[in-house]
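Let's take a tour of a protein together, starting with the overall build and ending with a few single residues. Keep the structure open while you read.

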Amino acid sequence: MNKTDKIYVAGHRGMVGSAICRALAKNGYGNVVTRTHRELDLLDPLSVREFYADEKPDVAVIAAARVGGIGANSAANAQFLYENELIALNTVWGAAEAGVKRLLFLGSTCIYPRMAPQPIPESAMLTGPLEKTNEGYALAKISGLKLCEFLRRERGLVYHSLMPTNLYGPGDNYDIVHGHVLPTLIRKFETARVNGEPLVHLWGSGSPLREFLHVDDLAAACLFVLGLENPPDLVNVGSGREVTIRQLAEMVREVTGCKAQIDWDRSKPDGTPRKLCDTRLIRSLGWEPKIRLEEGLRRTVDEYRAEVAGGTARLSCG
Ligand code: GDP
């Protein structure tokens, strides 16, 4: 990828897409093309084809998707499958038809089989049944990354995918019911601090292990793999560090300055006991994360406060 290349970032307003745009700007890539949802409906193949034909980007980064936590996904698998399938097929196929030479597709480690070995290696893809709660999302994303793989093999286009672990950072979704654990914890502890509440109610036992990656680290990883001449079809990106939900809660409590006690509501699910991706491949290629969880949390809490003060925080899904 050259500094003068025209780079299309699909999904530039989301947490991931906006981080990629920041990283591109910071690294001197000045020719970035974006479209809002209103300007370009990614569900419509003709509009997408027309867009590619007009703009003729050199590179495309596909960070657009309908996303949500376990609550949102399990309630609407049909919609998650339909929308994400169309977004994936239209953006990847449209790029190929328009002769876009390079494309990076964003997957997720939550689309590996439910019983994949831990830490999850890239080779676990499609080796077993999927997690039922987000099966629609997973099937759509798998179509996208397979389409990239087929186009690479059949047409020699360098289309490849990145599989990020749980992400957090500016612009996250802070919905209490549908959000992921890290932003939800920030909102719960911050709300308790502001209101002087004595108790914060968290879910489960606190013992499950999770891995978190700051979205700016993911954006750096995107630029890194786009810089490789012959990237792997599929590569995981994670921090490689596991914390228990209890440790995470203590960290968020400290960073927010909240004095409340934690009440663990064991009637709520723990979910899978451990979720960690195997990052040996990307590390062997020469990339590693830079933002430690402690520092990332401090930054994210500051940004959350600014988002709330500015009225831009995403406090509910939709
Ligand atoms: P997962 O990583 O796919 O399981 O999804 P989440 O990001 O929602 O993390 C869920 C883990 O965090 C489970 O072990 C929950 O029991 C725990 N947890 C504790 N408190 C909360 C909370 O307030 N919201 C959420 N989403 N998870 C919580």
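This is a predicted model: local features need pLDDT of at least 70, side-chain atom pairs count only at pLDDT 80 or more; totals for chains, interfaces and linings use all residues.

## Ground rules

Residues are numbered from 1 along each chain as its sequence is written, and side-chain values use heavy atoms, with hydrogens and water left out.

## The whole protein

Count up the pieces and you get 10 helices and 12 strands. The radius of gyration is 19 Å, close to the 20 Å from the globule rule for 318 residues, so the protein is as compact as a globular protein of that length. (That radius is taken over C-alpha atoms, and the rule is 2.2 Å times the number of residues to the power 0.38.) Along its principal axes, the C-alpha trace spans about 60 × 45 × 40 Å.

How much of the protein is buried? Of its 318 residues, 52% count as buried, where buried means under 20% relative accessible area, exposed means over 50%, and partly exposed is in between (1.4 Å probe, protein chains only).

## Around the ligand

Now zoom in on the ligand. There are 15 residues around it, and Lys188, Arg210, Pro269, Asp270 and Lys275 come nearest; a residue is near if one of its heavy atoms lies within 4 Å. Helix H6 (181-195) and strand S7 (199-203) each supply at least two residues of this shell, and H6 has the largest share, with 4 residues. Sorted by class, the shell has 7 nonpolar, 4 polar and 4 charged residues. For the sorting, Ala, Val, Leu, Ile, Met, Phe, Trp, Tyr, Cys and Pro count as nonpolar, Asp, Glu, Lys and Arg as charged, and the others, Gly among them, as polar.

Which atoms pair up with the ligand? A polar side-chain atom of Lys188 lies 2.7 Å from a ligand oxygen, and a polar backbone atom of Val181 is 3.0 Å from a ligand oxygen. A ligand nitrogen is 2.9 Å from a polar backbone atom of Trp203. The protein covers 91% of the 550 Å² of accessible area that the ligand has on its own (areas come from the Shrake-Rupley method with a 1.4 Å probe).

## Ser205, in a loop

Ser205 is found in the loop between S7 and strand S8 (209-214). Its relative accessibility is 12%, so it counts as buried. A polar contact of 2.7 Å joins its side chain to that of Ser207; such a contact is a pair of N or O atoms within 3.5 Å, and within protein one must be able to donate a hydrogen and the other to accept it, with residues adjacent in sequence counting only if both atoms are side-chain atoms. Beyond its neighbours within four places in sequence, Ser205 is in contact with Arg246, Trp264, Arg266 and Asp270.

Thr256 lies in helix H8 (residues 245-256), and Thr300 in helix H10 (residues 293-310). Are they buried or exposed? Thr256 is buried at 3% relative accessible area, and Thr300 is buried at 1%. Leaving aside neighbours within four places in sequence, the contacts of Thr256 include Ile186 and Val301, while those of Thr300 include Ile186 and His214.

How values were computed:
Contact means heavy atoms within 4.5 Å.
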